[in-house]
Structure formats: structure tokens, C-alpha cells
Amino acid sequence: MADHYLCVHGHFYQPPRGNPFANGDIPVEAGAEPYRNFNEKITADCYAPNASLGNFELLSFNLGATLAAWLATHAPDTYRQIVEADRAHRERWGVGNALAQPAHHTILPLSRRRDKEVQVRWGLMSFEHRFGYPAEGMWLPEMAVDLETLQVLHDAGVKFTILAQSQLKDSKDGAGPYWVKLPSGDRMAVFARDDWHSNQLAFNIREQGGAGRWARNILAPLRKTYPRLLLIATDGETFGHHHAGEEHFLHWLLAYEAQSAGFEVTTLARDLRSYPPSVEIEINEHTAWSCWHGLNRWSNGCECTPGDMRWKPALRRAFDNLAGWVDEAYVECARALQVDPWPLRDAYFRVRLGQITANDLLRDAGLTRLSSAQAAGLLRLLLAQFHRQRMYVSCTFFFEDLDRPEPRYGIANALRAVLLAQAVTQQAYVDSFRQDLKLAISTKSGKTGSDLLDEALVWAQEAQARGVEA
Ligand SMILES: [Zn+2]
């Protein structure tokens, strides 16, 4: 048995884009040429070559729900190779090497508990739909963490997650894994990624002189000083997209060079089974892996992005108010129909995944007695729940300015949600939403959230002309 282990975890993800009033297909994107959009380009740069080289069998990885759905439709061979890699790993080792991810890449510590729960449950449903078994591990969007998030993961059956060393009060045992004590008194296993070595590959892989040299010069000497497990965790797109051709670095490292340097290559569920945690540590709550400013990146803004960041809290307040109206409309409707709203919302994701029809959902919930108008209203409010979850996708708040595709996409999803709710309750939610959005102002163009709302309203009108509801 080896005394040193290496695990490389790749976070493979692309955010949802496109028109939420149409089929959500990603539009033509400037800069992706000769491909139509970045999903196609990154598939050619990264997902397809890594799949062809067999890297997904050697890595630990998570495949975000929106990317998985896109690949299944637009790059089915690559998608099959990735799912197959996890299946082969499971056959060989008895556990998979894929992790789940919350459904909409929401910054969970900024969400109310009920939203944390649905994001985690929908993410687990998506994983099981793709990979055919329940996930053991879950990747946290941007590694954003608080204890309530870990508690929600635990309560949903998740056994482990990954945090950056900087998010732990102590990481003397390398990658661990460690126990983190939860508010309930239960414990959750947490692996600690090595920040320095992860960033070395994420940002400077080109300067390492190839996998062989990196393994000899950097990895091999760590056998004298480093604890048992070294965990490199970074965006999967590092290997081939952020750095062209570096899928070969990953392949040579995991297939040959790590062993030559005295490290056995492992994956997280495998490691957890063989080496359960023995040490308990504390986490630094309200932190993330992106920058030192914790959750400010997605809430109040931070100095990593230039300019006036006051649009971020203003937009978040507009969304939070909207979420309140949409939830209230849904809960009132569900209670009037004598159905428990939140389990029904969980189950609704099966309709989104294409596992069941809306009629199946109503039948399974014992709602066959509903009139067609009642059923249509309830289904509208469930679809509103989906879009109001999706508006919180982390990239809405990540960048420097309001006048960008990501906030525009968030506002369009919010509009879709609020129009669906408004069609049922006849309340003038859009007017109130517009008032809130006026407080979010772009430094770059001077546009307000209200201007972006007008642009999204054009999409809504076009959809209405095509006969799409609300
Ligand atoms: Zn920052």
C-alpha cells in the first residue's frame, strides 16, 4: 500500500445562458469563433479531448447540471464517455468518482435555508438522473460555505465535500479528510484542497515544463514533508481550454508520472472509504475559493472588480423581494389545493429532467381531482419556482458590471418567474420589481436594472406572439 496519494478534482461547469422564454438554447457568442458559442468551443478544447484520453476515469470530477444537460443534447458522444468513465470507476473500485453539484450553481450561504435545500435536492436528482445512482459527494458552487449549508448537505445524504485550505482553521493533515461538526451534532467529511499547488496548475501549468518535470520537481520531494493525501482541485476547463493542449499534462500526470514520483492516484469516495477522517476541524464560515473577500463578491461587491459595486446588493434585494412574492403565490395556491408545497416543488424537478410528465406529477401527488384551470395555475407557479431559483445563478453577481449578459440573464429569468405568478394571482408584481431594479445602476453604460427589464420584456412579448404561456 502506498503511503502518499494524489487526487486531482476537476470542476466542469458552464452556466445556463440564452433566452428563458424560448427553449433556453445558447445563442451565438462573440469570441467563440469558429464555433457558435463557448459551450461548443470548450467542448472541442477540453471536454471531448479529456474524455477521449480517458482522463475522466482518473480524475475526481463534478459535471454541473446545466453543462450535463447541454452535453447530452449537443455532444452526446462526449457525454456518454464521461458517464461511462464514472461507471467504469465504480466497477473497478466499488465507488464512483463523480460528485454532484447544487442545481443552479447558487451561492448557498447567501440563500435562505429552504432555497439551500431545494438546490441541493435538485442537484442530487440531476446527478442520479445522469449517473444512475445516488451521489456520495457534492461540490459547493465557488466553495462558498457556512455551517447551515453543510447541515443541508448532510441532511440530504451527502457524505463529503471539498473546501480550500484557506477556508479551514487548520489543515495540518494535508487534504485530510477531516470531520466538521454540524449544528445538529452530526459530522460531515471535508477534503481540503491544497491551494498553492492547485493554483500552480490552474494559473501556471505552462511554466511547469510538462507533467514529468512537475512530478519529479514538485511532487516527488513532497513525499518527505507532506501528509498522506495531496488534493489538487480546480476548474476542469484548466486542462485544454484555459491552457490549450494541457489535457495531455493531466493525462501523463495521472496515468504515469505521479506513480513514478511515488504517489498513488486516487479519487475522493475511494479515499474516504479507505481513510475515514480521524481529526475534527473548524471551518471559516462565509468564505469561498474565488477571492479573499468571502461572499462579498456576490453580495456587496469587492475590490477584485473595478467600479461601483452597489448594483450587486440592489439587484439581490430586487430578486429577494421577487422571490417572496413568487413563493407566497405558490404556497397559497398549494395550500388551497391541500398539497404540501415544498415536496411537490422537489418532485417537479423530475418534470424538468424529462423523467415524468406534468400529468404524472399531479397524479403522483394525488391531484387528479383538479380542474384544468387549477392544474394550469399550479403548473405555472411551479415553473415560476424553477426560474426564480435559476435567477440566482452565481455568475449573475460575479462580474464587475450590471450591463453584461449574466445579470441580463438573471433578470430575464426573474421576469419569467414573476410573469407566470402574475398570470395566476393578477397582482402587479412586475411594476414593483421594476421599482426595485431602478436602484441597480451600471457604471459602464448608466443603464439601470429597469432598462434590462425592458430588454427582457421584448423576449417575453416575442414568446407570447409564439404562443408561449406568460
Ligand atoms: Zn474579492
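## Ground rules

A residue is called buried here if 20 or more other C-beta atoms lie within 10 Å of its own, exposed if 12 or fewer, and partly exposed in between, with C-beta atoms placed from the backbone. This is a predicted model, and local features need pLDDT of at least 70, side-chain atom pairs count only at pLDDT 80 or more, while totals for chains, interfaces and linings use all residues. Residue numbers run from 1 along each chain as its sequence is written.

How far apart are the end C-alpha atoms of helix 12? They are 17 Å apart, which agrees with the 16 Å that twelve residues should span at 1.5 Å a residue (the expected span is 1.5 Å times one less than the number of residues). Just after helix 12, G354 takes a positive phi of about 80°.

Across the boundary, 22 residues of domain 1 are in contact with 22 residues of domain 2, where contact means that the C-beta atoms of two residues, placed from the backbone, lie within 7 Å. On the domain 1 side that touches domain 2, the residues divide into ten nonpolar, eight polar and four charged.

The largest nonpolar core has 140 residues, and L322, V326, L381, V418 and A421 have the most contacts inside it. A nonpolar core is a set of buried Ala, Val, Leu, Ile, Met, Phe, Trp, Tyr and Cys residues joined through C-beta atoms within 7 Å. Helix 11 (residues 311-336) gives the most to this core, with twelve residues. Domain 1 and domain 2 both give residues to the core, so it lies between them. As for V326, leaving aside neighbours within four places in sequence, this residue is in contact with A384, Q385, R388, A417, V418 and A421.

## Helix 16

In helix 16 (residues 429-437), Y429, F433 and L437 are buried. Seen down the axis of helix 16, these buried residues fall within an arc of 75°, so they line one face. D431 and Q435 are exposed on the other side of helix 16. What do the buried residues of helix 16 pack against? Helix 11, helix 15 (405-425) and helix 17 (449-465).

V430 is in helix 16 too, and V430 is partly exposed, with 17 other C-beta atoms within 10 Å. Not counting residues up to four places away in sequence, V430 touches V418, L419 and Q422.

Most residues other than glycine have a negative phi, and most peptide bonds are trans. Now for some exceptions. A cis peptide bond joins E33 and P34, with omega about 5°; P34 lies in the loop between strand 1 (5-12) and helix 1 (38-52). The bond from G176 to P177 is cis as well, with omega near 5°, and P177 sits in the loop between strand 4 (160-164) and strand 5 (178-181).

M143 is not a glycine, yet has a positive phi of about 55°. M143 lies in the loop between helix 5 and helix 6 (147-155) and counts as partly exposed, with 19 C-beta neighbours inside 10 Å. H286, again not a glycine, has a positive phi of about 60°. H286 is in the loop between strand 9 (280-281) and helix 11, and is partly exposed with 16 other C-beta atoms within 10 Å.

Definitions and conventions. Helix = DSSP H or I, 4+ residues; strand = E, 2+ residues; numbered from the N terminus. Domains from an automatic or database assignment. Arc of directions from axis to C-beta. Nonpolar A, V, L, I, M, F, W, Y, C, P; charged D, E, K, R; others polar.
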